[in-house]
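Let's take a walk through a protein together, from its overall build down to a few of its rings.

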Amino acid sequence: MGKYKTKTKQYSGTSYSEIISKARREYHAIQAKTPRRIPYIRSGYFTKDKIFINNFWDHLNSKSSRDRVRRLKLYSCSIELIRKSNETPDTVQNPNNKEELLHRFQGATVDGMDFVVQIKENKKTGRKDFISSFPAK
């Protein structure tokens, strides 16, 4: 499994309010281009399949405020990775739900920071959702 090197930088800022406005602006730009109600982006790895991005916000709201800032900083890098990466992800079965697969893509920002993007796939329907992005350990 290789790492995709992004061309975009992670969002700068230290407060949640600074970063959420930048991330929401990008989300709404994607949403405006989507012809349907649920916003999605096309994936490079999954042969241009739709990756729905609205579940990311639900997952983000379940985290602590410090963790939200850490994850939101990587939002633009994560979107680029999903769109352009052809690197093979680590794929594991979801331990909480046997009908789902979790795909974990490795990436690196321009600054050199490593991060992981997680996409959930429903085995029955084939629907893919962008769930999370976080710094790699």
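One term first: a residue counts as buried when its relative accessible area is under 20%, as exposed when it is over 50%, and as partly exposed in between, using a 1.4 Å probe and protein chains only. What you see is a predicted model, in which local features need pLDDT of at least 70 and side-chain atom pairs count only at pLDDT 80 or more, while totals for chains, interfaces and linings use all residues. Residues are numbered from 1 along each chain as its sequence is written, and side-chain values use heavy atoms, with hydrogens and water left out.

Start with the overall build. The protein has four helices and seven strands; helices (H or I, at least four residues) and strands (E, at least two) are DSSP runs, numbered from the N terminus. Read from that end, the order is β-α-β-β-α-α-α-β-β-β-β. The C-alpha trace spans about 40 × 35 × 30 Å along its principal axes. Of the 137 residues, 43% are buried.

How do parts of the chain meet? A contact means heavy atoms within 4.5 Å. Among contacts with a separation of 6 or more, 54% are between residues 24 or more positions apart.

Now look at the aromatic rings. A pair of aromatic rings is described by the distance of the centres and the angle of the planes. Here, rings of Phe, Tyr and Trp (its six-membered ring) pair if their centres lie within 6.5 Å; planes under 30 degrees apart are stacked, over 60 edge-to-face, and the rest tilted. The structure holds 10 such pairs. One of them joins Phe56 and Trp57, with 5.2 Å from centre to centre and 80° between the planes, an edge-to-face arrangement. Why does Trp57 count as buried? Trp57 is buried because its relative accessible area is 5%. Phe56 has a relative accessible area of 1%, so Phe56 is buried too.

Another pair is formed by Tyr75 and Phe130: the ring centres are 6.4 Å apart and the planes stand at 40°, so this pair is tilted. The pair links distant parts of the chain, 55 residues apart, with Tyr75 in helix α4 (residues 75–84) and Phe130 in strand β7 (residues 128–135). Tyr75 is buried, with a relative accessible area of 0%, and Phe130 is buried at 0% relative accessibility.
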